[in-house]
Structure formats: C-alpha cells, structure tokens
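Please look over the structure shown below.

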Amino acid sequence: MSHPYEDLPEDRFWRTAVAERDALEIAGLWKPRHEIGRRTRIVTAGSCFAQHFAKALVARRYRWLDYEPGPAGLTAEQRKDYHYGTFSFRTGNIYTPRMLHQWLIWALTDSPVPDEVWEKDGRFFDPFRPGVEPGGFVSPEELYASRRETLAAIAAAVRGSHVFVFTMGLTEAWVNKASGVEYAVCPGTVAGRFDAEVHGFVNHGFAALMADMTAALRLMFRANRRLLVLLTVSPVPLTATASGSHVLTATSHSKSLLRAVASELVQAQSRADYFPSYEIITHPAYRGRFFAKNQRSVLAEGVEHVMEQFFRDQAAAFGNEAVPPPEAPSPAPAPEAVPEAELAEPELTEAEELRCEEEILAAFAPDQRHG
Amino acid sequence: MAEGPPRFCIFGDSHYACLKQAEVQGLVDVSGVDLEYWGHVGGRFRYLEFRDGAIRPVDDFTAMRFAKFNAKGRTTLPAADFDVILVMGARVYVWRMFLSLLRALTEGPFVSRGLQRRLLADALRGQSGYRLARGLAETGTAQVLLAPIAYYTGDAVRAATFFTPAIEALIPDRVPEFWSVLAETAAEDGIRLLRQPEETVVQGMFTDEAYAVAGHVAKKDYEHHNAAYGAVILSRVMDMVRTVPRRDPADRIAAPDGDGQDEAGRGHDA
C-alpha cells in the first residue's frame, strides 16, 4: 500500500459517493453500531423532527413504545390535540440538551421539580411543556398531577426501552435567572409573561452542550444498563433567534454545535450512535429538495427518504431484510382506539328493537292517536 | 309574529313514547300549544339525514314509518314548521359516556378537566341523533330542546354491579359537571339541553324504578320509561313552550343565552 487512501471503498470519495450519483442514490451514510430490529423496544423524544421517527417506526411495525398514551379510547384527533403519542411521553418538544437533562433529573432522581407555573386568564400552563394542554390546566394542582404522570412515564421509558432516540434541536433557550432552570419556550410566547428581570436568554456553547448531554446519558445509562442512545439533529431551521445574529447564521451556529456534540458523544460513548438525518435533509448535495417553499418545513418525501436510509443502513450492517416503506400513510401510533361516540351510541339488538316498537305502539295505538 | 298558539313538535325515538303516554293519560296539561309528534324506533334513525332545513328519511320505507305515527302524515320534519322542537331521546346517550369517563378517572391514567370536557363534547356531537338536533338548530327557525335518553332503570343492587366504590364516590361531584359541559356544548350549537330531573335519579346515575315501564325486569327493559317520566319532562317544557310566540315563517330566532341549561327546572345537580 503506497498511501492510506488507495484501497478505501468508493463511499470515502466524493466523486464516486456523491458527485457521480443522483442524490437519492447516495447510500451508506450511516454505519450503525447497534442492530435495531422489529423486537427492539424504542422510545423517542426531542425536537419536532423526532415525531417522524416514531411514525415511521410504527408504520413499519417496529416496536415504538408510548409510555404515556393517555386514557383509553381517545380518537386520533384528541390524541394529537392533547399531545399524546407524539413522543413516548407527554413532554412536548425537548429542544435542548439542558431540557433533556432537566427532565431526566426530575424523573430519575429525587430532585424536586420547580413549582413555577404560568397563569393566563385563570388557566395554568407548565413552563416546561406549555403546549401539551390546549387551553391550560384548571389549577396548579392539576398541572402538577399531570406532570407527575409524565415524569413517571419518562422514568419507565428509560428503564424499559432498548433504544432511546433523541433529536437535538436548539442551543438557544430561556432560563429563570434566579434558579437557572430552563424553560421549553420563551415566557410570553405560548403562555406566561416575559419579565426581563426574571427571565434571561442563553445560547449554550459547545462545552455546556457536551456537559448536559454527557450528564443526561450518564443518568440514562445508570437507570438502564442495556440502553442504547441514538442521537439525531433536527434539520429544521430556527423559527427565530434572540442571539443578535441573522436567523440563518444563528441556525448554522446552533446546528453545527449540536452536530459536533453528537459526534463527540459517539466517540466517547460506545452505547451512543448518531443517525445523519440532518445531513440527508440539509446537505447541499440534496439541493434543498426536501424542504418546503419556506425553506424550513421538511416535506413528507424528505422524512420518507430519511427513514428509508435508516432501515436500509440497518439492513446493510446486520444483514437483515430491508424494510419496505409502508403503502398506506403512516397511522398515528395509537393504541386500539374506540371512538367515544361509538361507546356512547350502541347498536340496538333485535330484542331491543322489538321493545322500542312496543313502546311506540303502546303510546300511539289508534284509539290514542291525535299527535 | 303570527297569530295562534306556538307550534310544538316532539321528535324522538321510542323514548318519546312516554311523553305521548303522559299526554294521553292526562298527566300533563298540553293546552295552549299546537302539538305534533314525529318519530320512530331508534333503529330507523340511521336512515335519517338533515338536509335543506329538514330531517329527511333517506328511503321511502323509513319515510312511511315516520309518517305513520304523525297525525299529519309528515314524511319529513322541516324545522321552520315549528316554533319549538323537543328532541327526546333520539339515540342521544349519556349514561355510557359518563360511566366511561368515571372509569377513566378512577382507573387512570390522569384525565385533565380540559380533556374531560373535550371527551364529553366530542361524544355528544358524535352521536347521530345529536347531529340531527344540531341541524334543526342551525336553521335558526325553531327553538330546539334536547332531552337525552334517561339513565337506565336501577337500584342499589344494579348500581353495585356497574359502579365501584371509587366511581360511586366521584358521581356526586363529577356527574353534575358532566351535565354542565354537555349543556354548554349544546348551547354553543344553539340547543337547550334538558338534564335528567333530579327527582327521577337514584344511586347517582340510575333512573328510579318508579319511572320504569311496567314489568321492566321480566322484559329486561331497563331503558324505556313510563308515562310518569314523560310527565316530568313534558311538564318542565310546557311552561316554556307556551311563552314562545308563534313565529312568522320569515322570522329567525337568536341563539339561546347563557349555558343553555334547562331554565324550566334544573336537573338533579343544580
């Protein structure tokens, strides 16, 4: 061998791996460390892109687990509106490593959750998941009760799953200056009231992101010795930035840091892996084909292509049969749901019909008729 | 405003029979109104639709069945032909809806008040009979009242087979709230919901055997109720109906005020 590049496979060379291929034929972007099969118990959390993972897994009959499915019998629409089944527990989006770390501390240790609530027009919103309850909770007590279920679900998910998929979304966040606790969104946007004296902006740097993710992984691995963590980075650009930069450069800054954190973690942790959905959607090789006109929303075909690569690369690595995409649109990951209306309006049996007839005939017998 | 008594129609499935029986047996004064009945067994309700301002059977057989029990032989029910329409029973069930929610509340997982409200509202609006009532109300012509199917006939023994102690403990607080949610939901749709009157309720969510049809145990008929029950419902409605002016055909009515609860007599939870 005259030099190290001489015998490398073609996917290590830009010309053969990218330039000479149709973008949709670019393959082998992921070299998975761990097998994920249909029996693997998978949970998902993180930024909004993570929900696509869950849908794709369910559509292919993988074992995606919902640890907080809500009451039995909810319709798909009710589940969606109340944020059941979006992720494996009802946290709503977890955008930052710090938020994930916070949730895990509250769920897996004895550390108390701050009792701060946001009030608006007599309704109460959870600062750490303000969007999960349309219209808010009726009281702080109800909010706390609901949150306790979510914390229990997170703990059960970490302890009961084989693979925890986490999609990192943002580095920017808003915190309570006194306690340091991080909010899910800026106070005053979805709910709450912004107070510059109380609330502060933070744009986490690499070291802070690494520290939070490392601590989060440590908590999870302690709770479950078999757990694997699959990291992804959301390809969805920032809606807005408070960093003072242009939103486009702020997006690059944020995503670059998260992407670097993912690689660093994979280097350091044998039980962590990174799946490059971010690259598949955002890389110039794909020429923005998977973005909608606003250059932000990811199109369904983009999600589908990402997930095809996921299953194809798994098959390539472990010799499994590649899982074909579903023919029908992905169903919501709901348990067996019986529409409430069906429960409320039963079909009449023959005997019941007969009794109904008798009642009417008795009332409207010919000698009584004048209605 | 037109001359003459208000035109009042009672529309329903077999549950409207007890109102007719109350009238025939003279248990309630129905004077001062122009009263008509239009209805048939619940099984025929799947062949009804609301279209062009009227409830219409989708086939001739169903049309004839409904016409048979109407003094004028009506094959359709146009809302504009009446000043008040009472939708009685009409396959609008609340008992199972309430029990399902009570079970969820006692067995978990957690159900927020907001979700409870949503479940009740969706369950009400999802019922075919309710959609017919909503269609009538949306015409803005007749005032529409709705009396859902009463609780099943029961007693302490029967209650024990359906209600756990935890459910029994919740009923006094929660069931009145459920009714309020249904009333508010109905009011949003222009319908005045009539709660089941308190004096007819036993064990929290059963109808007193005094209002059962004759021989209900032998017939295993825990669903239908007798003329006395019809009289309780009708008497609450009649005072209100008499005050409604006979509408000129061109007039429309305003949506009901407040939460749409039974003004004539609040239910058992008032």
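Two residues are in contact if their C-beta atoms, placed from the backbone, lie within 7 Å. Helices (H or I, at least four residues) and strands (E, at least two) are DSSP runs, numbered from the N terminus. This is a predicted model, in which local features need pLDDT of at least 70 and side-chain atom pairs count only at pLDDT 80 or more, while totals for chains, interfaces and linings use all residues. Residues are numbered from 1 along each chain as its sequence is written, and chains are lettered from A in the order in which they are written, with ligands numbered from 1 likewise.

In H4(A), A:Trp103, A:Trp106, A:Ala107 and A:Leu108 meet A:Leu151, A:Ile154, A:Ala155 and A:Val158 of H5(A). The residues of this contact are eight nonpolar, no polar and no charged; Ala, Val, Leu, Ile, Met, Phe, Trp, Tyr, Cys and Pro count as nonpolar, Asp, Glu, Lys and Arg as charged, and the others, Gly among them, as polar.

H4 (97-108) and H5 (140-160) of chain A are also among the elements that cover the buried residues of H6(A). Those buried residues (20 or more other C-beta atoms within 10 Å of their own) are A:Leu209, A:Asp212, A:Met213, A:Ala216, A:Leu217 and A:Met220.

Between the chains, 35 residues of chain A are in contact with 39 residues of chain B. H5, H10 (340-344) and H11 (350-363) of chain A each supply at least two residues of the side that touches chain B. H11(A) gives the most, with eight residues.

Methods
Buried ≥ 20, exposed ≤ 12 C-beta atoms within 10 Å, placed from the backbone.
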